[in-house]
Amino acid sequence: MSDFKIYYENDANIQLLKSKKLAIIGYGSQGHAHALNLKESGMDVVVGLHAQSKSIEKVKQDGLIVKTVDEAAAWADMIMILAPDQTQKSIYDKSIAHNLKAGKILAFGHGFNIHYSQILPPPDVDVVMIAPKGPGHLVRRTYKEGSGVPCLVCVHQDASGKAFDYGMAWAQGIGGTRAGVIRTTFKDETETDLFGEQAVLCGGVSELIRAGFETLTDAGYPPEISYFECLHELKLIVDLMYEGGINGMNYSVSETAEYGGLLRVPGRYENDFEEVRSGKFAKEWLLENQIGQPHFKGMRAASENHPVEKQRLDLLEKEFASFRQSTNKTDHDSGPSKGCKHSYKNIFNLFMQKEKVVLAYSGGLDTSVIVSWMAEQGYEVYALCLDLGQKIEDLDAIRKKGFTAGAKDVLVENVQEEFVRDYVFPSLMMNAVYEGTYLLGTSLARPLIAKKQIEYAKKIGATAVAHGATGKGNDQVRFEMGYLSLMPDVKIIAPWKIPEFFQKYPGRAELIEYAQQKNIPVKATKSQPWSSDENLMHISFESGMLEDPWVKPLKEMFELSVDPKDAPDAYTEVTLEYEKGVPAALNGKRLKPHQLLDELNTIAGKNGVGLARVYETPGGTVLLAAHRAIESITLTRDVIDLKDSLMPRFSKNVYNGFWFTPEMELIRAMALQSQEPVTGTVRLELYKGMYMSRGVSLRTVCMTKILHQWSGIRDVITAGCQRIYRLNALPYRIYNRIKAKHKIAHEVGEEFSSYRGRGYSISEVSHRSDIFEEVLFETIKDLRTLMAIPDNYHVYEFYYGGAELCANKIPAYIDTGVWAKKAIIEAQKLYNIQIAATSEPTGYDRIPNLNGISLKPGTDYVHITTNNTIYGSQYHQIPDFGGVPVIADMTSDILGREMNVKETGMIYAGAQKNLGISGMSVAIIRDDLLKRIPNNLPTMFDYNSYVKNDSMHNTPNTFAIYVCGKVLKWVMRRGGVKKMVEINRKKAEILYRIIDNSNIYTNRVVKEDRSTMNVPFFLSTPELEAKFLAEAEQRDLLFLKGHKITGGIRASIYNATEMNSVEALAEFMTDFEKRAR
């Protein structure tokens, strides 16, 4: 390129972006670096992510604003897409294209999708690329160090005339102009980048190394020597090339090596380059992604398991062990023969300098010295310091101290909310106290630190983690159990267990002296030789004079609490509001978990609460007392007893570092479920180190009724805290307390005032809005999945009224009870129908015998009602009428029975039993039947109108459809229709077994036709039935009275009826019969 130029700081004008709103789509390695660098350069930046992205919390923790991709694209003036190449097109088409208005700027970090025409921006926007020539963590680190990574900038469209200037301003904002910027084109960047990756950097070099290693080992040479010659020394050659080019490298090596290299130069890779230039590679890569990357994943697995990789890890272990054994030598350069390129020490350092280690770094004396010591051993140390709420250290000072000590990078991450939410509060749910006094403040922090170390290690490709725990305490176990649970093959470095470290630094005095020599600032002094560990839960003190248990702690040690005798001489009242066992508000103010604990620490500390010899736990002590108080009112004695019996085991597991174990997952899940009723307010008084519960107010609301009519909520009934077994359809079973993630009422209740956090209800949005259409189509999709509905069947939801609206066109009917009879009456208004079979003569106690049934010639359809709620009979197989389509009313057993949709021509069902709430219905109809519908029907009765308009011929019942969608998700979580059938059969068997073995209960339906949805039965006299119903109601067994047509008792056990409800009824029936004899 004749006009080649490298641009620097003076060539860019970052002020061009000061007035712009910048959106970064994606928060991976590059997205993270761009966003934080631009923010710290003073830019107005947001990050765009899809709603389920796992990076959302990370973005928030980093202090950035996160929006959906659609929202970010609409908001921004300049949009940078930093998602993976293979996903950019779908993101652009779905969320960005329609937000690109004239004058906006679209930016990329790589030219793939523009160059290969996957993305075609409109002509009135600028299209630029800013491509740092290094990974994101390097872009971020060099920016923080005051330098940067070189960048490429190019322009595809220049609608404004300033596109290149905007690209340069962006490069300046991320630090690129500090190192230099080269102007290029999308074509050149894309093709050279892909070719370089494939033929040289990632493909060519890797394959060359493998081939050389295999050639030597196949010929019988030792794998250790083969590894050195084919891979390890490549680092030396690359460094020489980087410093002086190929000529400089040739100048530095022996003439023998130079001659051999010139003689064995490989080809020019013409075929590889042509595949890139022609676009063949791009097409193959896109196709590979469309089919799930099978070839790519297979090649990746083969590469990861290649012997050369295993050999590298083996050699690292051997070299480190050898180094440790030889540290008593004064001259590490003695040993290798004269003329060898590298002494033992140099070879060791070459191995170890690139072995990345993530150290749990507190900024205290021990870990600061460990950073420096490990750096001296050749490790590349990444110091990870987590902000757990500690106030006794300046986190900025910790960062500077880490770099001073020799860390390659120092990452400080705020994890206060995660710590309190996911570790402290679950522990308090279990009322965990170790050995009667210790609330596990330090122990709870260790698994989180270990988890973050492993996450960071995986992110940067580190092979080892390290901690500063001594070899005599429990912290070493907590860290190492966490590491190995989350990354079983990780290498663990614990300097306090390495003789050459602890022999050199036998005590704190030696550590302090070393730190002073290295100019590492530390808080500890020889005259004040104790260390502290602080987080939002507590502060603990140890070491030095505190090793003697008789020594009284000094007053000036304590940070969070005052001496009780110095506390105010007056009561301080505190109120804590709990929601399902979780503290949600303090003194009437709703706070995030970490904010609540922080504020409570201040209040309790001022009153001298939570002070022990070597612990300060002010807020945690009050929370424990409050939680105990509210549990004593909201939990049963047996539940409290069970939790208390597991508490010591839970506490011991936390203390010993067993957080990430199956046993602890089980206990935490049990604790979480136990907290369902733990909702209310606790009042306490604090006084000079004491804390007293002064009252508990409960506000547990059980939603027993969501809707009365389709048009909206009419009534929400407060049922207090009583446990009620409700044997009826889903709308009347909302109360049942199961886990929140499985509880439809809980989800609906939370979203009724603010659907998915939008500030409005789903019942308020237009049925033509994107929001509702998403709900509708997802509900239909889920119903198709659950029922395995074939593609040649249409599903339409959800027309007004109940199932009777569907039943008006069927010329042949099977009469099995009231609902079949109602359908017959409606159809007779339009057609001369035939009743092909009936069980009315036997009192509807069975499904009619359909063997040999005779249908009139030309019969178009046969209508059946699959389950008969009043009489309790049910078709257990869909009958075959010799090819005549079956129309099935499945209102009361849809999703609750085995069903092959192909056996029917049409299915329809009201929602109120197993699909949701009353006021809507669903229909499933085969394509060929739609063609038979007469053209002269009113539009509301023409199924084609619903199909044609995607179930929105007119305004549908949006809220009922929304609830139906929740129910379908619930069925999926329970294991689908197959699991529901299994459960329903077991429930029915429990009741039928009692009835069949009883002297006072009878069921009138023949056994082979009994329903699994409705179990009617009768007692010997009306007086006994009345007594049964009255006593059942006293036991909170409701809605058992039979239909007015039949009388008796009826247990409706639809999908939502839990097994414990049925078991409670069975227990009562058994007990009642014993007393009635």
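**Working chat: strands, helices, cores and loops**

Colleague: Which strand does I105 lie in?

Modeller: I105 sits in strand β6, which covers residues 105–108. Keep in mind that this is a predicted model.

Colleague: And is I105 buried or exposed?

Modeller: Buried. The relative accessible area of I105 is 1%, and the buried class takes anything under 20%.

Colleague: Which residues does I105 touch, if I skip those up to four places away in sequence?

Modeller: With those left out, I105 touches D77, M78, I79, D126, V128 and Y166.

Colleague: How far apart are I105 and G167 in space?

Modeller: C-alpha to C-alpha, 9.5 Å. In sequence, 62 residues separate I105 and G167.

Colleague: Changing topic. Which residues does the UniProt "binding site" annotation cover?

Modeller: According to the UniProt record, an unreviewed entry, the annotation covers D193, E229 and E233.

Colleague: Where is E229 found?

Modeller: In helix α11, residues 223–252. E233 lies in helix α11 too.

Colleague: What about C230, buried or exposed?

Modeller: C230 counts as buried because its relative accessibility is 18%, under the 20% cut-off. C385, at 1% relative accessibility, is buried as well.

Colleague: On to the packing. In the largest nonpolar core, which residues touch the most other members?

Modeller: That core has 70 residues, and V358, F419, V424, L576 and L623 touch the most other members.

Colleague: Which helix gives the most to this core?

Modeller: Helix α21, residues 441–460, with nine residues.

Colleague: Back to L623. What is L623 in contact with, leaving aside neighbours within four places in sequence?

Modeller: L623 has contacts with F425, L428, L576, Y578, P583, L596, L597 and L600. One of these, L576, is also on the list of core residues that touch the most other members.

Colleague: How many residues are in the second, separate core?

Modeller: The second core holds 53 residues, among them I789, L850, Y875 and A911.

Colleague: Where is H594 found?

Modeller: H594 is in helix α25, residues 593–606.

Colleague: Is H594 buried or exposed, and why?

Modeller: H594 is at 16% relative accessibility, so H594 counts as buried.

Colleague: And what does H594 touch, not counting residues up to four places away in sequence?

Modeller: Q416, E417, V420 and L536.

Colleague: Last topic, backbone angles. What is the phi of N431?

Modeller: Near 55°, a positive value, and N431 is not a glycine. Most residues other than glycine have a negative phi.

Colleague: Which loop does N431 lie in?

Modeller: The loop between α20 (416–429) and α21. N431 is buried there, with a relative accessible area of 1%.

Colleague: And what is the phi of K688?

Modeller: K688 has a phi near 45°, again a positive value in a residue other than glycine. K688 lies in the loop between β21 (680–687) and β22 (690–698).

Colleague: What is the relative accessible area of K688?

Modeller: The value is 24%, so K688 is partly exposed, whereas N431 is buried.

Note on methods: Residues are numbered from 1 along each chain as its sequence is written. This is a predicted model: local features need pLDDT of at least 70, side-chain atom pairs count only at pLDDT 80 or more; totals for chains, interfaces and linings use all residues. Side-chain values use heavy atoms; hydrogens and water are left out. Buried means under 20% relative accessible area, exposed over 50%, partly exposed in between (1.4 Å probe, protein chains only). Helices (H or I, at least four residues) and strands (E, at least two) are DSSP runs, numbered from the N terminus. Contact means heavy atoms within 4.5 Å. UniProt positions are given in the numbering used here, feature names are shortened, and annotations may be inferred rather than shown by experiment. A nonpolar core is a set of buried Ala, Val, Leu, Ile, Met, Phe, Trp, Tyr and Cys residues joined through side-chain atoms within 4.5 Å.
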